[in-house]
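Let's walk through this fold together, one question at a time. Take a look at the model first.

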Amino acid sequence: MEYQFRAAEPEDVDDIIGIIQERIDWMDEKNLYQWNRTNYMQRYPREYFLGRIASHEFYLAVDPEGKTVGVMALLLEDGRWTEDEKKNCYYVHHLATRPQAKGAGKALLSFCEDLSLQEGKKVVRLDCQKGNDRLNAFYQSLGYQVVGPMVEGAYEGIKREKKLKA
């Protein structure tokens, strides 16, 4: 399916939160360990998303009928990466799609990579729960290589990055 991409606006906050909650519910159904077991919605309240939207950091994937089917934030900094690891890159956060939106996650990452190249960035970075084999395999298949572990509270993750080629 073809998707369109756009920056999120404040009126999109309910869609963003709704998509993330749908994905959390899906994780529970599939007995996966990721956001669903980290008090995600308490850690990231509505005001957090509104602030990130105001900073022009959230992007949406929209289907041909105009329905928002995916979200992600592109951050310029991530405190979980040490100073010597910082590069001219985007850090992908809050990547979530409606479970029935086939290919939307891959399309969002492709959009991110294209935008990164347009803005002169050389790398895209993200992380994934250490035990989420399915998601880690997905990222690996898209060229996101493991660069190290990370721990943030109860979250044990794997840092990944993709070096972009112009």
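Q: How many helices and strands does the protein chain have, and in what order do the elements run?
A: This is a predicted model, where local features need pLDDT of at least 70, side-chain atom pairs count only at pLDDT 80 or more, and totals for chains, interfaces and linings use all residues. Residues are numbered from 1 along each chain as its sequence is written, and side-chain values use heavy atoms, with hydrogens and water left out. Taking DSSP runs numbered from the N terminus (helices: H or I, at least four residues; strands: E, at least two), the protein chain has 5 helices and 7 strands. From the N terminus on, the order is β-α-α-α-β-β-β-α-β-α-β-β.

Q: How do H1 and H3 sit relative to each other: parallel, antiparallel, perpendicular or oblique?
A: The axes of H1 (residues 13-29) and H3 (residues 46-54) come within 10 Å and cross at roughly 120°. Axes are lines fitted to C-alpha atoms, for helices over the stretch in contact, and angles run from 0 to 180 degrees between N-to-C directions. Under 35 degrees counts as roughly parallel, over 145 as roughly antiparallel, 65 to 115 as roughly perpendicular and the rest as oblique. So the label for H1 and H3 is oblique.

Q: Which residues of H3 meet H1?
A: Contact means heavy atoms within 4.5 Å. On the H1 side you'll find Val13, Asp14, Ile16, Ile17 and Ile20, and they meet Arg46, Phe49, Leu50 and Ile53 in H3.

Q: Which strands stand at the edges of the sheet?
A: The 7 strands form an open, mixed sheet in the order E1-E2-E3-E4-E5-E7-E6, where two strands pair if DSSP finds at least two bridges between them. Two of them have a single partner strand each, so one side of each is left without a neighbour: E1 (4-7) and E6 (145-152).

Q: In the pairing of E5 with E7, which residue does Arg125 stand opposite?
A: E5 (residues 123-129) and E7 (residues 155-163) pair in the antiparallel sense over 7 bridges.

Q: Which helix lies across E4, E5, E6 and E7?
A: Look for residues 133-141, running at about 165° to E5. That's H5.
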